[in-house]
Amino acid sequence: MNQEAFQDLVAFIHEQSRSYEVPITLDTSIENDLGVTGDDGEALILAFSKRYNVNIDNFYITKYFYPEPFMSKIPGRIAVLNVGHLLKAINVGRLDDEVIK
């Protein structure tokens, strides 16, 4: 693992999520551990794509982030998106289901 890239990604995630008190590891879930959800999840992914030049054309926000609380009474289960997935996406230049698996 490129430690410098990881530290830069951690700083970016702290800045975007405003969750400075949560220690971030490769296994930290963006939704479950950091509480980034709905529109904030979408904003984080868009900012991530722009900052790291990662293609997100085949990334489906609703698969990895719950909708805003007022939009859905009973949300379905979502897939986990963690920091390790984002780091891998930086390395390959895209974020999609294939990269995440």
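Predicted model: local features only at pLDDT ≥ 70, side-chain atom pairs only at ≥ 80, totals over all residues.
**Exercise 1.** Determine whether N91 is buried or exposed.

*Solution.* Begin with the location, which is helix α4, where helices are DSSP runs of H or I with at least four residues, numbered from the N terminus. N91 has a relative accessible area of 61% and is therefore exposed (buried means under 20%, exposed over 50% and partly exposed in between, with a 1.4 Å probe and protein chains only).

Residues are numbered from 1 along each chain as its sequence is written, and side-chain values use heavy atoms, with hydrogens and water left out.

**Exercise 2.** Find which residues of α4 are buried, and what they pack against.

*Solution.* In α4, which spans residues 83-92, the buried residues are V83, H85, L86, L87 and A89. These buried residues pack against α1 (3-17), α2 (38-52) and α5 (97-100). After the helix comes G93, with a positive phi near 80°.

**Exercise 3.** Work out which residues of α1 and α4 meet.

*Solution.* From α1, take A5, F6, L9 and I13, which meet V83, L86, L87 and I90 in α4 (contact means heavy atoms within 4.5 Å). The residues of this contact divide into eight nonpolar, no polar and no charged, where Ala, Val, Leu, Ile, Met, Phe, Trp, Tyr, Cys and Pro count as nonpolar, Asp, Glu, Lys and Arg as charged, and the others, Gly among them, as polar.

Terms used:
Helix = DSSP H or I, 4+ residues; strand = E, 2+ residues; numbered from the N terminus.
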